[in-house]
Amino acid sequence: MATPNMTARRALGACAALMVGALTLTGCGGNANADTDTNSGKGGGNSAKTSTAKIAISAKDGSTDASINATGVKVSDGKLTDVKMTVSGSETAVPGAITADGTGWKPTAQLERGTKYQISATAKDASGRTAAANSIFTTVSSSNSFIGTYTPDNGTTVGVGMPVSFNFDKVISNQKAVQSHITVTSSSGQQVAGHWFGAQRLDFRPEEYWKAGSKVTMKIDLDGVEGANGVFGVQKKTVTFTIGRSQVSTVDVDTQTMTVVRDGKTFKTEPISAGSPEHTTYNGQMVISEKFVQTRMNGSTVGYGGEYDIPDVPHAMRLTSSGTFIHGNYWYNRGNPPFGQQGTSHGCVGLADVQGAQGDTSAKWFYDNSLVGDVIVVKNSPDKTVSPDNGLNGWNMSWSAWTAGSTV
């Protein structure tokens, strides 16, 4: 049988439990940062006010295909006070910045593909009340996205023959959608058209060579564009480059000479050694795509069987992807006629040079006076015209054939 004191203690304990329950309900049902209204006129009861600030994280919580470019945070009816982004499961912070007006935040660099991230953001409204939002998401994976490697690079100065060229890392079946989200314009006002070489390469050029001194702007807006079934683009950027002086050099295989024309005027004529009768040089317009002070040339990499392997070819400039170069030649057989009288190469165009890429030579002069994008025209060779997709050599197509390869 309970004593009076015991009964009182039980009743007191029950009351305490009820009070704790009431406090717990108040804590769960209210806003920890809300203000209270003491002028409601409803018997003195308090009514919680929530923040009017609304935070939107572009990458939805749990998503697995978030953009690596457009992910960010925005707020309406308030200003951001703090945003923290990390690689999920680690303390590796992703640098970012809140905008000057406090209404947005974005990373300062492109995110990585196929990576899990976490964003936590807080904001305050005009009354100082706090709102918060969080999202854990994964960016689009490499297997479900495509990237185009392009040339030329931003900020470069190139020759008048330089096309814009994209090589995509996935087969593009929706070519119209992809091409329509890449625009190339020139300050010269020249019309620019695209041309697809197969399913993974897209080039752009005007009908004639670029105008010297013009500025070319390429806008890439592929982020989220479906290039193939379930495969989306991830690039969004603007690239600009400058067209330098005009330089077009003509190699005449009949005379074994090269005439350099700068801005419409003959600048210099140099003796050369083109391909031998057994290994002829392509005809046609070829664009310098790479420059190397010295490089190795091994015949086995271009279909020849150990006929040559030279580790230090000087002043080499690539003309085709299949291995045609214009380059210095220091190993020229002195028993042969001098440069300018006989073709002896395996298809390249050779200029007199010395080993080590030093000295005042024809090859060094031409190398120093050439830009990536300059044009080399080869004529009177017994070989065929170079294929337009063998290097950056689309100039060997008529304008009608070029535009026929456009999907826009």
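**Ground rules.** I am working from a predicted model, where local features need pLDDT of at least 70, side-chain atom pairs count only at pLDDT 80 or more, and totals for chains, interfaces and linings use all residues. Residues are numbered from 1 along each chain as its sequence is written, and side-chain values use heavy atoms, with hydrogens and water left out.

**Entry: the sheet.** I looked up an open sheet of three strands and got the order β5-β8-β9, with antiparallel pairing. Strands here are DSSP runs of E, at least two residues, and helices are runs of H or I, at least four, numbered from the N terminus. Two strands pair if DSSP finds at least two bridges between them. At the edges I have β5 (79–87) and β9 (130–138), each pairing on one side only. The twist from one strand to the next averages 10°, with axes as lines fitted to C-alpha atoms (for helices over the stretch in contact) and angles running from 0 to 180 degrees between N-to-C directions.

I then checked β8 (residues 116–124) against β9: they pair in the antiparallel sense over nine bridges. Which residue in β9 stands opposite Ser120? I found Asn134 there.

**Entry: aromatic pairs.** I get eleven aromatic pairs in the structure. Rings of Phe, Tyr and Trp (its six-membered ring) pair if their centres lie within 6.5 Å; planes under 30 degrees apart are stacked, over 60 edge-to-face, and the rest tilted.

One of them is Phe197 with Trp402, edge-to-face at 5.9 Å centre to centre and 70° between the planes. Phe197 sits in strand β15 (residues 192–197) and Trp402 in helix α4 (residues 399–404), so this pair ties together parts 205 residues apart in sequence. Buried or exposed? I used under 20% relative accessible area for buried, over 50% for exposed, and partly exposed in between (1.4 Å probe, protein chains only). Phe197 counts as buried at 15%, and Trp402 is buried at 1%.

Tyr330 and Trp331 also pair edge-to-face, at 5.0 Å centre to centre with 85° between the planes. Tyr330 counts as buried at 19%, whereas Trp331 is partly exposed at 33%.

I also noted a cluster in which ring pairs link Phe146, Tyr150, Phe166, Phe168 and Trp196.

**Entry: charges over rings.** My cut-off: NZ of Lys or CZ of Arg within 6 Å of the ring centre and within 35 degrees of the ring normal. Arg262 lies over the face of Phe267, 4.4 Å from the ring centre. The charged end of Lys268 is over the ring of Trp365, at 4.2 Å from its centre.
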